[in-house]
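Dear colleague,

Please find the structure below. My notes on its core and on its helix packing follow it.

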Amino acid sequence: MSAADNVVWLGTPAFPEAARAALADTRLRANLRRATGTIRDKRLAVAAELEDWEELREAAATIKRRTLRHLDHHLLRLEKAVTAAGGVVHWASDAADANRIVTALVKATGEDEVVKVKSMATQEIGLNEALADAGIRAYETDLAELIVQLGGDRPSHILVPAIHRGRSEIREIFRREMGEWGRPAPEDLSDEPRDLAEAARLHLREKFLRAKVAVSGANFAAADTGTVAVVESEGNGRMCLTLPETLITVMGIEKVLPAFADLDVFLQLLPRSSTGERMNPYTSLWTGVTEGDGPRNFHLVLLDNGRTATLADEVGRQALACIRCSACLNVCPVYERTGGHAYGSVYPGPIGAVLTPQLAGIENAASLPFASTLCGACYDACPVKINIPEVLVHLRAEAVEAKRRDRLLPTSEALAMKAAGAVLGSPRRLATVQRLAATGARLLARDGLIGALPGPFARWSGTRDTPVPARESLRAWWRRTRPAGSEGRSTTAEGKGRR
């Protein structure tokens, strides 16, 4: 199984086609606009409460940057600390390796079911599907993930996976599917949030009490102490992390931090950037195993799955600093209109547009770097200051280069750029082309605007108003209105020339 097999939902259409379908879904757009707007406003309010917010962002960016520079060293420190605390560390090079390890660990317990804490890493590797193939049933316990699982759906947001669903849709999913997975929903279930949450609570409680094995992800892990951290808002994570006898954590290798003290920075940034809260309702920290307290067996699976290759890219590697807060999704004008499914990846939104092509290979996600206006809102919102627009431009160049390598003949874009270079490299040729273009444009003009342009320009002009060029170019006007020998000079307000 390659890194692309689960990071990208193979068989889904490229972003432009998927986005076109999403834009036609008015209910989806209303749900997205309401949800992202609410979270965005809450984030701005709580971030403004901290006078040192920008200093915290800079500190987080520095910690992540230094950690990635010495990632191998910190991972070995983490392994040593976890092992000393009674845990077992496993190294997984790719999704298939990680799935094999986790499946074997569950089978070794003799159990055929697991409860899960919300985890992007396990979604990335397709763990639920791998466990199902081995006869092991995985139960999602996060409310939004439960909605997605019961509906046979895919997550569309990093923080709120069921953001694309309305309350009435959720009620119907619960009434239709809960009985197939365990305790059924009440027959008179309403679409009130309190009633929906209570139905989920009753459905999940028996699973928490029965489960012997839990699978989690990790938000952070401290290399000096071996402490692993999970933050969440519902308490389901705390149940999974404390009640079962065996806990298996799948963690991307980029989640390691050099020191436990570094959590001070990130636990201030993450809740404010993700849910707009001052602190997470539940922050669970554990170090190995402790007799009489929590799971008796702890396994930490360190997942690569394309991360080492990403680390080798000096521009793209900054995407590995992501703490999965989803702030970039909530400010992105493209995501707000298309939702997460259009990205065809476990990681949607701006961070997905830079992370997915690197983890899965640019050839498997070539359209994603172009799924952006490059407005920079994501960079401004990112709590660890990932310059997403910079990485997008970098990956666009890679996508074009990859396309060029795969073609026997040059692309139309390449030919156009070559022609433009020839024209712009000669003032005489540029003046000739300007005159011809202006003349042709005036012939096509109607009411001061040019209609659809011919050939490869048709797609561009089909969604834009193109004004008619001036009858006289700037260069021609300058030569006509300036005396001979005045090129290169400008005139000040006092009428004096200045070089």
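Helix 4 and helix 13 are roughly perpendicular to each other (angles of 65 to 115 degrees). Here helices are DSSP runs (H or I, at least four residues), numbered from the N terminus. This is a predicted model, in which local features need pLDDT of at least 70 and side-chain atom pairs count only at pLDDT 80 or more, while totals for chains, interfaces and linings use all residues. Residues are numbered from 1 along each chain as its sequence is written, and side-chain values use heavy atoms, with hydrogens and water left out.

The axes of helix 4 (residues 53-69) and helix 13 (residues 263-274) come within 10 Å and cross at roughly 115°; axes are lines fitted to C-alpha atoms over the stretch in contact, with angles from 0 to 180 degrees between N-to-C directions.

For helix 9 (residues 143-150) and helix 10 (residues 167-181), the axes come within 9 Å and cross at roughly 75°. Helix 9 is therefore roughly perpendicular to helix 10. Their contact includes Leu 146 of helix 9 and Phe 174 of helix 10.

The largest nonpolar core has 106 residues, of which Leu 78, Phe 174, Phe 266 and Ile 351 touch the most other members. Such a core is a set of buried (under 20% relative accessible area, 1.4 Å probe, protein chains only) Ala, Val, Leu, Ile, Met, Phe, Trp, Tyr and Cys residues joined through side-chain atoms within 4.5 Å. Helix 17 (residues 349-360) gives the most to this core, with 6 residues.

With kind regards

Notes. Buried means under 20% relative accessible area, exposed over 50%, partly exposed in between (1.4 Å probe, protein chains only). Helices (H or I, at least four residues) and strands (E, at least two) are DSSP runs, numbered from the N terminus. Angles under 35 degrees count as roughly parallel, over 145 as roughly antiparallel, 65 to 115 as roughly perpendicular and the rest as oblique. Contact means heavy atoms within 4.5 Å.
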